[in-house]
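Please take a moment with the sequence and the model shown below before reading on.

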Amino acid sequence: MATPMFDLVKTLTEIPGPIGQEERVHEWCAKHWSGFAEQVEISPVGNVVARVGGSGPRLIVLAHGDELALMVKSISENGLLHVWPAWRDSRGKPPHWYSPVNQPVVVVAENGPVDGQLCYASGHVIGGASDKESFIWDDWFVDLGYSSREKVEGLGIHPGTRLVVNPPTRRLGETIVGKAMDNRAALSIATSVGERAEAAKLNYELWIGSTVQEENGLLGASSIAEVAHFDAAINLDVGLCGEVPGTKNENHPSKLGGGPIIVHQDASVHYSHRMSMALVEAGAAAGLPVQQAIFQNYGSDGAELIRRGIETVLLTFPTRYTHSPNEMVVERDLVQCVDLILAFLEREPLPPRWPVS
């Protein structure tokens with residue numbers, strides 16, 4: 001069943017937006033946001049921001065546009081693409097939490113997108129001779145169905161070309177499943193906030209935005225403060241759930257379908273306590289379910305915003321199977337994140353931390 005939020009999620013997750021090549025995602029944002037925002041800007045590094053309206057302290061609701069990706073490091077004589085991660089690799093092999101092999105991919109070639117399949121030598125050709133405990137990057141390759149390097153190069157593919165997994169986004173029972181919920185579902189939330197916000201009701205000057213290269217060290221977020229002086233930020237990202245085999249509920253007690261998650265601390269930073277609790281209070285006043293958590297082995301653009309002097313809270317939506325081709329969210333959680341942000345923006349702003357003379 002089509003709904004405004006599902007349509008946003010499906011549209012945004014299915015746009016290829018690999019690390020360092022987020023243009024298609026952010027150009028969609030700039031065009032769509034121009035329909036309701038007072039000002040839209042794409043910065044020199046590719047971040048996109050929009051001033052929606054309202055008056056008061058300047059606050060940005062921020063997501064990121066990139067998704068995990070692989071890059072072509074070489075092309076074999078028979079047309080196979082040998083790949084390498086598009087993020088910083090400190091292990092020399094795929095981490096155990098990243099396993100997109102045997103998935104369809106789209107190669108972001110210079111002459112247009114090209115479909116392929118991420119493969120490894122499998123089945124009878126391996127047989128019982130291999131007792132490897134884990135993959136190395138050289139085990140994976142992309143098969144485009146062509147028989148020569150010349151044919152592949154003629155498609156505009158070369159070392160440095162990026163590719164992303166490419167399953168369709170679909171409904172599955174009560175959930176939505178697909179790739180790049182991290183962080184296009186967050187971008188859907190930010191877009192919905194901009195669409196639904198009524199400037200006359202806002203007690204903040206509302207901006208929305210999306211950064212580049214979050215998955216490569218939070219690089220885009222480090223220059224957000226150069227766009228405008230932001231007093232505060234609500235950073236959006238995936239939330240972690242510990243309710244499936246291989247996890248521990250005591251480490252990740254949040255539930256899929258349990259409502260927005262406010263994160264007090266992650267592996268990089270402690271988020272604004274007073275903003276976090278103000279969001280909790282806004283949720284309670286609006287009758288919205290709110291979960292609270294701390295996340296380890298996790299980081300977000302919020303750390304860079306705080307380094308740049310922007311008071312920041314991290315608001316997440318429950319997500320299963322993060323950094324996989326089958327990331328899973330519940331539409332109700334996404335809509336409730338929008339409801340919570342709007343409820344917060346319509347409350348009296350937090351006072352300055354020190355009296356202003």
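A search of the whole structure finds 15 salt bridges, a salt bridge being a side-chain nitrogen of Lys or Arg within 4 Å of a carboxyl oxygen of Asp or Glu. This is a predicted model, in which local features need pLDDT of at least 70 and side-chain atom pairs count only at pLDDT 80 or more, while totals for chains, interfaces and linings use all residues. Residues are numbered from 1 along each chain as its sequence is written, and side-chain values use heavy atoms, with hydrogens and water left out.

One of these salt bridges joins the side chains of K179 and E67, with 3.0 Å from N to O. The pair links distant parts of the chain, 112 residues apart, since K179 lies in the loop between strand 11 (175-178) and helix 4 (181-196), and E67 lies in the loop between strand 3 (58-64) and strand 4 (70-75); helices (H or I, at least four residues) and strands (E, at least two) are DSSP runs, numbered from the N terminus. K179 is buried because its relative accessible area is 2%, and E67 is buried as well, at 3%, where buried means under 20% relative accessible area, exposed over 50%, and partly exposed in between (1.4 Å probe, protein chains only). E67 and K179 also belong, with R184, to a network of salt bridges.

Another salt bridge is formed by E304 and R307, whose closest N and O atoms are 2.9 Å apart. Both residues lie in helix 6 (residues 302-307), three residues apart, which is about one turn of the helix.

The structure holds one cavity of 30 Å³ or more, and the largest cavity has a volume of about 160 Å³. Of the 19 residues that line the largest cavity, L68, Y98, V165, H323 and S324 are the closest to its centre. On a 1 Å grid over the protein atoms alone, a cavity is a set of points where a 1.4 Å probe fits but cannot get out, a pocket is an open set with protein on both sides within 12 Å along at least five of seven lines, and lining residues have an atom within 4 Å of a point. Strand 9 (residues 162-165) gives the most to the lining of the largest cavity, namely three residues.

The largest pocket holds about 1,500 Å³ of space. Its lining is made up of 44 residues, and those that lie nearest its centre are W97, N297, Y298, T322 and H323. Strand 13 supplies the largest share of this lining, with three residues.

L240 has its place in strand 13 (residues 232-240), and it is buried because its relative accessible area is 15%. Leaving out residues up to four places away in sequence, L240 touches H252, S254, I261, F295, Q296, Y298, T319 and T322, contact meaning heavy atoms within 4.5 Å.

Q291 is found in strand 15 (residues 291-294) and is likewise buried, at a relative accessible area of 13%. The side chain of Q291 reaches the backbone oxygen of G258 at 3.5 Å. Apart from neighbours within four places in sequence, the residues in contact with Q291 include S254, K255, G259, P260 and P318.

Notes
Points joined across faces, edges and corners; volume = space filled by probe spheres on them. Polar contact = N/O pair within 3.5 Å; in protein donor to acceptor, adjacent residues only side chain to side chain.
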